Amino acid sequence: MIRGPILPHLRESLWALVSTRLDQVERGLELIVEGLDCSGGQFGLVEGLARDASGAPVLVLLAVDGDALLTARVLAAADFLHRLGDALVTAVPEANLCPGAAGRVLVIGAEAASAALDPLGRLSVPGLQVCRLEPFRIAGCERFAVRFLRSAGDGAASSGGAYSASAPFVVPAAQRDIWTAVQDLCARIDPGVRCDGDRYWRRISWQGRPLAELRLVDGVLRAEVAGGARCDLVVAADVRTFGDRLLRRFAALAGLISDQDTGADAGASARSAASRYSANGRSAGHRVDAESLRSVAASARLSADEYSALGGPASSAGGDSEPAVMADDDAFAAAQDSPRPPTRRPG
């Protein structure tokens, strides 16, 4: 008898917290309308219809402890999207939905609703995504941690509630080669570089410190190095420009150059720091791989001084062609790997 009035109150409280902060659950997620009936009044209302960063419709449902109709409401919402398809584009013109973009059902719940959330991961429902929020206060501000339930569609069993702080990154087919090139670039900079985030956003960091962010905007990867300008990654040349900025940011964090250094000063600072690296091979308790830095420098547009400071010949940087850069770098690496001549002892 008590459960009846409590459930609406819990749902309203959670929705007040979530509805204005959907972008914190998933970057680019925008609420369009509230209170959508997908089941002819049988199972209750879906909390809202949202638009994601790719222009696809997202039906947002809240999960609270003791909601016996949650699974039925989720299935009804998924069936609603399947039946209507692209008809939502014209039926809800204010949403600016993209024709052909597959819709999703996003279920959001607090930790107290884990008993209701966990079984959803075992449902074979295309486009179903489940996340759990844990609100907390810090310095007087309300915040919440977001964790995504790994479902069978993610290629992992979810028995027992396997949650992850990072959701799979969805990249359009036309952008996959660009994203692969960015991943390779990050791997070559340093083993400590990490990429995490949600469905349409990735944060690139090193030792927990921000290097850059990538967002999917209108089907294009938009990159922004921390403290720098934004650039769209459309062709290979864009990736090289982004790689140059990313490497400079990493070099500043790793102590190779100063944040305030530019031009010739940056090259001088990098040479000094490179000498320190060769002496002790460490920065902030983490070893930086000089070979990986040389590999990135070969594909990035660095100044002559900066490229030289990272271990390559200064003549290879700047306006020379890429094959020349790679050839000089290979020659440098070969010279480094060749055995040193024996040291003569005084007679």
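I started with the sheet: five strands, open, in the order β8-β9-β10-β11-β12, with antiparallel pairing. Helices (H or I, at least four residues) and strands (E, at least two) are DSSP runs, numbered from the N terminus, and two strands pair if DSSP finds at least two bridges between them. The edges are β8 (193-198) and β12 (230-233), each pairing on one side only. From one strand to the next the twist averages 25°.

A note on the source: this is a predicted model, where local features need pLDDT of at least 70 and side-chain atom pairs count only at pLDDT 80 or more, while totals for chains, interfaces and linings use all residues. Residues are numbered from 1 along each chain as its sequence is written, and side-chain values use heavy atoms, with hydrogens and water left out.

Arg203 has Glu213 in β10 as its bridge partner.

Then the helices. I found α6 (residues 176-189) lying across β8, β9, β10, β11 (220-225) and β12, at about 140° to β8. Axes are lines fitted to C-alpha atoms, for helices over the stretch in contact, and angles run from 0 to 180 degrees between N-to-C directions; contact means heavy atoms within 4.5 Å. I also found α7 (residues 236-254) across β9, β10, β11 and β12, at about 155° to β10.

How do α6 and α7 cross? Their axes come within 10 Å and cross at roughly 25°.
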